[in-house]
Amino acid sequence: MPERNLVSWTAMVTGFSQNLHYLEAITTFSQMRVAGENPTQFAFSSVIKACASVGLVEFGKQMHCLTLKFGLGFDVFVGSNLVDMYSKCGVMINAYKVFQEMECKDEVLWTALIDGYAKNGFFEDALLAYKNMVNKGIAIDKFVLCSTLSACAALKVLNLGKCLHSVMVKKGFELEIYVGNALTNMYSKVGDMYSASNVFGIDSECRNIVSCSSLIDGFVEVDRMEDALSVFVELRRQGIESNEFTFSSLIKACASQAALEQGTQLHAQVIKFNFDGNPFVSSVLVDMYGKCGPLDDSLRVFDEIENATEIAWNSMLSVFAQHGLGKDAIEIFNMMKNEGVEPNAITFVSLLRGCSHSGLVEEGLSFFNAMEKTYGVVPREEHYSCVIDLLGRAGQLKEAEDFINKMPFEPNAFGWCSFLGACKIHGDKERGKLAAEKLMQLEPENSGAPVLLSNIYAKEQQWEDVRTSRKMMQDCNVKKVPGYSWVDVGNKTHIFGVEDWSHPQKKAIYEKLDALSDQIKKAGYVPCTDSVPLDMEVSVKEKMLQHHSERMAIAFALISMPSGKPIIVKKNLRVCVDCHSAIKYIAKVIGRKIIVRDNSRFHHFSEGLCSCGDFW
């Protein structure tokens, strides 16, 4: 144009901004100022919107100053965009100041503030602002309702969420996709899956990947994996394409339930839909394979990540810790630092756990002492508990007790449980009694404390104290958690308890157990009857040990799975000393790799050895 005026400049700035060409909008606005044109409220609103979209908060502040200079700082249209810009850039203090300075506060301005609070994690402020908005009689639209719902979801405020749902139904918003997504997400986040499913099922035309992902994640959080997979199958049937959030939730569920077969199938789907390069999905895959047992697959996925994020590094660290590979955890930690990734509180929990399971006491204490001094990470309860576990496992019970006495707060239940477990392993009755008392004060319903204390007495053959401890459990109505193990064969999970006669293949299982018992005894296995804390004949104890749940699961796997495939058994309690010894011999005589995941770590048995080096 040979001649440009205020209208043409404003049209260009607005056009660029509305068509998502934000940098061009900002450049054109700057050229407009050089040309000597004084911007209108429309030009200011468009360029401020562009600043918000690309996160240029400093340039946005300059625009704020200019609006005040030109007397437009208190214009409602400009003010709403300023609040939105500061909110999207995470500067909620400035957003609130602009909001307060506005004389006329309309629904757009209120919505911008509430949405900013919700998206920046100020959920209680969002709810308070919504209540003030309602009290002032400001018109409510679907956008402010959805923003408030997200705050309800984060705070798990179900009652207010239901009230907002009622308002949405009254105003006729319920069938809109945007609203349906918000309602499904809210009910899923608070764990009300009945209501979430009802909202999801109102109108199939309103479903999209957002509502499907929310419902799947909700089912995953309440351990309803089959329902989560059903929703996944349904969205595939309807032709709705999955996204990275869908896969992440499902793979996370497989990790928590150690469902390797389903996790592997989902990995194939991830590759098919080209999400294998997504850093978040890759991190969840690393975690899933690590928790299911195949450490090599976990490492392979991690190595294929081009630019590993903090989440990916922490996932790999956690995997090494759970598998008891402390030296590998330290190595990955050093690699993480060399890549310029800053460690956080989660990093040090995994690092300390890895050191604890590997007996690396000096290294673990060094990392703990360096947390705040070197990395600026203030140790929390879980870090102190890891140090108690580190010292206790290594038999340094006096040092662990001294550490507890110097702590800035009382140990949590995990800390006392770790200390009690160490006292049981190393036979320290007095310290064990103290730890048991503390643990029972924190968790009276926890059967672990009296059981472990009873085991300490049994090890010393103080059977009267054993009976007293067990009577105390009966009087307090505390029931011992039964030990059980499970193994996946095909698409079915088979669960076994001690002396379990319920399995349909029980005859074949017990025959296999007898055959294995003969084989490993010939190879040098000697039963450790101390693992049975009961006053009975040695021969009876040996028979009981032979029928422990993990051995039954292994026997079933051997008669049901093809040779060459590793056997992966999961157990809800710590594997006993005798079973640990027996499985080493079983792995040797049958020539197969056996992986056992107990309640604290993985054990990889092969050729008569265990990856833990008999330290667990």
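How many salt bridges does the structure hold? The structure holds 22, a salt bridge being a side-chain nitrogen of Lys or Arg within 4 Å of a carboxyl oxygen of Asp or Glu.

1. Basis. This is a predicted model, in which local features need pLDDT of at least 70 and side-chain atom pairs count only at pLDDT 80 or more, while totals for chains, interfaces and linings use all residues. Residues are numbered from 1 along each chain as its sequence is written, and side-chain values use heavy atoms, with hydrogens and water left out.

2. Asp217 pairs with Lys252, with 3.8 Å between the closest N and O atoms. This pair links distant parts of the chain, as Asp217 sits in helix H13 (residues 209-221) and Lys252 in helix H15, 35 residues apart. Helices here are DSSP runs of H or I with at least four residues, strands are runs of E with at least two, and both are numbered from the N terminus. Lys252 is partly exposed, at a relative accessible area of 36%. On this scale buried means under 20% relative accessible area, exposed means over 50%, and partly exposed lies in between (1.4 Å probe, protein chains only).

3. Two further salt bridges. Arg224 and Asp227 meet through their side chains at 2.8 Å, N to O. Asp227 counts as partly exposed at 30% relative accessibility, and Arg224 is also partly exposed, at 37%. Asp389 and Arg393 form another salt bridge, with their closest N and O atoms 2.8 Å apart. Because they are four residues apart in helix H23 (residues 381-393), about one helical turn separates Asp389 from Arg393. Both Asp389 and Arg393 are buried. Elsewhere, salt bridges that share partners join Asp217, Glu221 and Lys252 into one network.

4. Helix H17. This helix covers residues 279-292, has 14 residues and reaches 20 Å from its first C-alpha to its last, close to the 20 Å expected at 1.5 Å a residue. The expected span is 1.5 Å times one less than the number of residues. Eleven of the 14 residues of H17 are buried, among them Val281, Leu285, Asp287, Tyr289 and Cys292. Its buried residues pack against helices H15 (244-256), H16 (260-272), H18 (295-303) and H19 (310-322), and against strands S3 (567-571) and S5 (602-606).

5. The ends of H17. Just after the helix, Gly293 has a positive phi of about 125 degrees.

6. His267. This residue is found in helix H16 and is buried, with a relative accessible area of 8%. Beyond its neighbours within four places in sequence, His267 is in contact (heavy atoms within 4.5 Å) with Leu285, Tyr289, Arg300 and Val301.

7. Cysteines. The structure holds zero disulfides, a disulfide being a pair of cysteine sulfur atoms within 2.5 Å. The sulfur of Cys65 has its closest cysteine sulfur in Cys51, 12 Å away, so the distance is too far for a bond. Cys65 is exposed, with a relative accessible area of 54%. For Cys423, the closest cysteine sulfur is in Cys417, 11 Å away, which is also too far for a bond. Cys423 is buried, at 0% relative accessible area.
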